[in-house]
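Take a slow look at the model below.

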Amino acid sequence: MTDRTARTEPNLSHKEILEVLTGLMSMLFVAMVSSTIVSTALPTIIGDLHGNQTQYTWVVTTTLLAMTVSSPIWSKLSDLFDKKLLVQVSGVVFLLGSLAAGFAQNVPQLLGARALQGLGVGGLMALSQAIMGSIIPPRERGRYSGYMAAVMAVATVSGPLIGGLLVDTVGWRWCFWAAVPISILGLGMLQKFLHLQQVRRSVQIDWWGAGLISVAASLPLVWVSFAGKNFDWVSRESLYFLVPAAVAVLALIRVESRHPEPLIPPKILLERTTTLAVFASIAVGIAQFGTSVFLSQFFQVAQGFTPTEAGLLMLPLILGSMVGATVSGQLITRTGIWKPYLLTGTVMLIAGLMLMGLTDHTTPIWHLSIYMILMGLGQGSLMQNLVLVVQNTVDVRDIGAASGVVSFFRSLGGTIGIAVLGAILSTRVSDHIATGLRGEGLPVPDDTTGGGTLDLDALPEPILTIVRHAYGDSTGYIFVVAGFVTLVTLVAVWRMPHTELRTTVAKQDKDDPLSLENAID
């Protein structure tokens, strides 16, 4: 009886689906914005809280790391418990983190609050995908996924614009507090319009898997932040981070292969489409999160624009993402095919990243705008549609875990991307600053290691110009790195077996009498 209830096809009208999605997208928008809204505010925040360049990167990385680690846990819980209750819980966790971040008095307090925000964001991201998979068939889901992908894309790249406006008007603390009223509105809409069937079954939470995922994802990121500065890349200290991480990965594989309810089900991960989508998602995550964070820093530090101006200059990326997400979603729904659109999006993303690699402190703004449009079109075409392709390969019973696998590795890619690209940028900036200072016959201070201070107002004019040029001439390199990594996405999408999207929520299996019965009904 429970199985039949689980497999009953939902029959929601377009209006009813939009009512549910409005609440989900409200929550998802503020959750995604929270990951990038601080990018334009960071120079002000770090200066106000007396932080440094390393902490600059970790204000963003902390949220992404918490989101990455918690996402598969939320996804698995969505297959075991009431999705509506879980999405509301994750929304409240996010609200508490936002309030705490606004009241932070120093960087450690801010990092703790950002971690709490990340836990909530992980839930909202994973549960939004799972709820969509539970109420909309894959063929129709392309249409609605386009809407949600557009919201995600706009939120990701509009965060810097919103953050800049808030910093220049009411102060950086409102970058966090502004999320509260929108989140409350979204929670209210979900309470009123979201009605899902509850599937009761025995629950076995994979706590060991959760802990091992945390260790395996966290240690390499901490290592990247300190290696090359506090100790050599090849050193005994590096082994202290990498060996436990490798052991955690091996232990995680063993645990997940034996646990009855694994957080990352091997049967899903070992499916060819999912495996390739994982590799593609890692590269997309690096491009998606890394570009918005470092572009904003480039405009402010290298070009001297205000936070608001930096946000406005990123509008081409926002518009490109909106168009790419919406148009690709509509085309996939109309045709039922997806591969050509994902390949086209990947090529545009690589082209945009490589062209951004040509930038320095003298590059005209209109050149950057064209490059950002290409990047945005590529990001928008890929983000949500990779999840859709994987969801098409699994039954509704595993929709949460399948969605979580792709979201997890995309977030992991973003987290790794910001940490690694930030470390590369910091090193190159330090080298350029030291070279510039020596060229002017000025002493080289120790704090250029790791990028030095970001309190530009405190720097005298000769040094200020050197610092701005150093950031301007170093940023292009990290886009080249991201472009080469995104080649992995191109290969992965190319190798994916092409299947037409099904028109039912439940996967139709010839050997499953219940699936046949539902198909006949």
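A residue is called buried if its relative accessible area is under 20%, exposed if it is over 50%, and partly exposed in between, using a 1.4 Å probe and protein chains only. Start with Phe-299. Its relative accessibility is 0%, so Phe-299 counts as buried. Phe-298 is buried too, with a relative accessible area of 2%. Phe-305 has 26% relative accessibility, so this residue counts as partly exposed.

A word on the source. This is a predicted model, in which local features need pLDDT of at least 70 and side-chain atom pairs count only at pLDDT 80 or more, while totals for chains, interfaces and linings use all residues. Residues are numbered from 1 along each chain as its sequence is written, and side-chain values use heavy atoms, with hydrogens and water left out.

Now the rings. Rings of Phe, Tyr and Trp (its six-membered ring) pair if their centres lie within 6.5 Å; planes under 30 degrees apart count as stacked, over 60 as edge-to-face and the rest as tilted. The structure holds 5 aromatic pairs. One of them joins Phe-298 and Phe-299: the ring centres are 5.7 Å apart and the planes stand at 65°, so this pair is edge-to-face. Phe-299 also pairs with Phe-305. Here the centres are 6.5 Å apart and the planes are at 75°, so this pair is edge-to-face. Elsewhere, Phe-103, Trp-174 and Trp-177 form one aromatic cluster.

A ring can also meet a charge. A charge sits over a ring if NZ of Lys or CZ of Arg is within 6 Å of the ring centre and within 35 degrees of the ring normal. Arg-428 lies over the face of Tyr-477, at 4.0 Å from the ring centre.

Next come the helices. Helices (H or I, at least four residues) and strands (E, at least two) are DSSP runs, numbered from the N terminus. Their axes are lines fitted to C-alpha atoms, for helices over the stretch in contact, and angles run from 0 to 180 degrees between N-to-C directions. Angles under 35 degrees count as roughly parallel, over 145 as roughly antiparallel, 65 to 115 as roughly perpendicular and the rest as oblique. A crossing is left-handed if the near helix is turned anticlockwise from the far one by less than a right angle, and right-handed if clockwise.

Find helix H16 (residues 339–356) and helix H19 (residues 461–495). Their axes come within 7 Å and cross at roughly 165°. H16 and H19 are therefore roughly antiparallel. Their crossing is left-handed. The residues of this contact divide into 16 nonpolar, 5 polar and 2 charged. In this count, Ala, Val, Leu, Ile, Met, Phe, Trp, Tyr, Cys and Pro are nonpolar, Asp, Glu, Lys and Arg are charged, and the others, Gly among them, are polar.

Val-491 is in helix H19. With a relative accessible area of 51%, Val-491 is exposed. The C-alpha atoms of Val-491 and Leu-343 are separated by 9.2 Å, though the two are 148 residues apart along the chain.

What angle do helix H15 (residues 315–335) and helix H17 (residues 365–391) make where they cross? The angle is roughly 40°, and the axes come within 6 Å. H15 and H17 are therefore oblique to each other, and their crossing is right-handed. Ile-337 is in the loop between H15 and H16. Ile-337 and Val-389 are 52 residues apart in sequence and 9.9 Å apart in space, C-alpha to C-alpha.
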